Amino acid sequence: MTITAPDAFTGPAPLGHAHDWVAAEVPGTAALALKAAGRFDADAPQTLHDKDIWFVTTFKSSDKGARTLVLEGIATIAEVFWNGVKVLASDNMFLEHLVDVELENENQLAICCRALAPHLQKKGPRARWRPQLATSQGLRLVRTTLLGHMPGWCPEIHAVGPYRSVYLVDKVSPQLQGVRIRSDYTREGFGELSVAFTADTGHETPVLVCAGASAVMERTQEGMWQAYLSLPEVRPWMPHTHGEPALYRVYVSLGDHKFDLGQTGFRRIAVETGQDGNGFGLRVNNVPVFCRGAVWTNADVLGLKSDRQTYRAQLELARDAGMNMLRIGGTMLYEAPSFFEICDELGILVWQDFQFANYDYPVKDAAFVESVNTETTQQLSKLQGRPSLAVLCGGSEIYQQGAMMGLPEDRWKGPLFEEILPAVVSQYCPDVAYVANSPMEGALPFLPGEGIAHYYGVGAYQRPLEDVRRAEVRFAAECLAFSNVPSAGFLEKQLPVRPGHDPRWKTGVPRDRGVGWDFEDVRDHYLKMLYGVEPQKLRYEDPDRYLDLSRVVTGDIMEAVFSEWRRAGSPCQGGLVWTFQDVRAGAGWGVVDAAGEPKPAYYALKRAFRPLALTMTDEGTNGLMIHVVNDHAEAFKLELSLSCLREGRMQVAGGKRVVDVPTRGSLSFFATDLIGAFFDVNYAYRFGPLSHDVTVARLVDPRTGTTLADAVHFTANRLRPNEAPQLLGSLVSSGEGMFVLEVETDRFAQSVEVMAEGHLASDNWFHLAPGVRKTLTFSPLCGAQGLHSVRLKPLNGSAPVSITHDGSG
């Protein structure tokens, strides 16, 4: 790879050896190549859009002849030269290109990514509104990612280069073209599969094979081969929180050739709008699914890597946190098919935005519309038959942006999202729910009480927690954006600076463009509200304590919000946190840090997202209400207990009962139902001094004594000055590099931090009640050899406790 001035060369021949070449990994980007050569700082990135960047490779071949050159994606304005001849010009980052070429004994492939900056300066049709989201209004005219152009939260690393695979295909072997795959799961419990394609099969007749069944394919009047299979014995594909994501491989046999069409699952997606017709939710195989998860950003904004290894680690974290949906927002990037393949396998639903956000796009420009049609057709062709693909959305906040500018509906609701995109969806993915925009519906598209919302009432708008119920959110495609602080270990390695006004710290704190606050200010607001501290004073007097409280508070809010949304009486049918992972080191929106490890907020969501969940809500003078939610396909007989603790250890009221938890159902109880008499559990009546600090509810399997879920309610101040808890535990090896820790406490331990060098704990920042033994498992991170000790530090403790592998501690 080499960099030149814009338009310095029209072709690769003059480049010669006079230029400064660096090795370039493909798939990859210019930024990745420069970083590998020690010439790019991701924390202070140089601009790349004002230059031409050339990628060149030469290679020999003993096998000459016709080939198809496949370029799966080049960012962004690109020209491709084969043996010195220009064979392609592309102005859409999201397009795949197939180019006929002749393979010679000596070959050269050159890709020139022309400077994007001049194209961003071009004038197009007058925009009806001008958003503040990104740095250039010209981005609405160019089909490229907004990553790298949103400085309030994303580093300005410009996407340039062949970021997806480049390869040659032999044109002699039979090829299947225009493949169509449809899979369905009927109400009668049958799997249905149809496959169609065009191919030059000679005298052979193709055969479709799936799940042990086969069908001889027939040729249609249009010249396509097609076949249909009815499969009565297949298991349905379900999100992992509600069942098994069963998959079946699909083949086409053609003489001696066997074409692997990948795996599919059999499921039926339906949209549920509620009795009033104003809601939004999903039913999968006629089972209502509360969708919970996060908005995916990108696992690698530097190189835009899309290999299975890069995806898998992150997606397994999402699965392990109980997330059953990830949304790819319109400000991001279409992910590669391997992303969906792993989501299929793990049972994670995907909400896919088309890559449009905020801008007023030039839908009257015929060339623009043609490019968009090709883009969306190609993308959906790759996603046919993917059971994880649940929602296709026209884009992010376009309707909201126009409406917030005071424009009438007919100015911001147009043919791109109402006609053009749904036509492509109906042709290629008719089994997937389509929504025109996010947010949408209601008197104004951004009001949370109808349709799809982006809910930031609790969050950026600093509303009290009670607003969650008042807002009556039906489905939050975005919510709960907070500056989530990473672990102390991450900061020591990646960002060893103090919080506050150090510019390196503030660079990692997200902010909206053009406003006088950032999301650390939002977090501080709730820190003061919930913990009764002055954040600014605490930050300069005791920055470590400030960071610990900051780590805890965002998770507290997330747990409280999803407790409200998942209770039986809530109209909400889903919520996706903004965002899943950070794109730079710091206290970003992500619940996973920039190194790919969970933040404290991740563990809070892991508890809130459990398929078998126990939560409590404060109902004012109605008292404290306990909610049990069961997403499993089986019923349970469990023991539900309640303990009101004074000074974290003395039970002043409590009770227990056996409860029958229905299949995929819920139960709600008032706390007094367990206590058996009036007790001011939530201190609503205030008849005298406060009698207890904390209330703990537990759901226990009576056969094993195992705690399946628990919940905590703080009666008043979350930082009552009680005596520090004493933690005791034992750490043992369970084989294959895994370790198990059992820990207990003499009094209530609040937000216990678990520190295990090189290992990931199954839970962290959890509450622990006296008389309860908690079991944690540890899995090694990359390169970890063994676990010699674990340190535990409760938020209401004085110093960390170390538990060693030999059992001492």
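A search of the whole structure, which is a predicted model, finds seven cavities of 30 Å³ or more. A cavity is a set of points on a 1 Å grid over the protein atoms alone where a 1.4 Å probe fits but cannot get out. Grid points are joined across faces, edges and corners, and a volume is the space filled by probe spheres set on the points.

**Largest cavity**
- The largest cavity holds about 100 Å³ of space.
- Its lining (residues with an atom within 4 Å of a point) has 15 residues, and the closest to the centre are Trp153, Asp582, Val583, Gly588 and Trp589.
- Five residues of this lining are nonpolar, eight polar and two charged; Ala, Val, Leu, Ile, Met, Phe, Trp, Tyr, Cys and Pro count as nonpolar, Asp, Glu, Lys and Arg as charged, and the others, Gly among them, as polar.

**Second largest cavity**
- The second largest cavity has a volume of about 80 Å³.
- Residues lining the second largest cavity include Arg551, Asp556, Trp765 and His767.
- Helix 14 (543-566) and helix 15 (600-608) are the elements that give two or more residues to this lining; helices (H or I, at least four residues) and strands (E, at least two) are DSSP runs, numbered from the N terminus.
- Helix 14 gives the largest share, five residues.
- This lining divides into five nonpolar, three polar and four charged residues.

**Strand pair**
- Strand 30 (residues 636-646) pairs with strand 31 (residues 650-661) in the antiparallel sense over 11 bridges; pairing requires that DSSP finds at least two bridges between two strands.
- Phe636 has Val661 in strand 31 as its bridge partner.
- The two strands form a hairpin with three residues between them, and Glu647 in the turn has a positive phi of about 50 degrees.

**Basis**
- Residues are numbered from 1 along each chain as its sequence is written, and side-chain values use heavy atoms, with hydrogens and water left out.
- Local features need pLDDT of at least 70 and side-chain atom pairs count only at pLDDT 80 or more, while totals for chains, interfaces and linings use all residues.

How values were computed:
1 Å grid on protein atoms, 1.4 Å probe; cavity = no way out; pocket = protein on both sides within 12 Å on 5 of 7 lines; lining within 4 Å.
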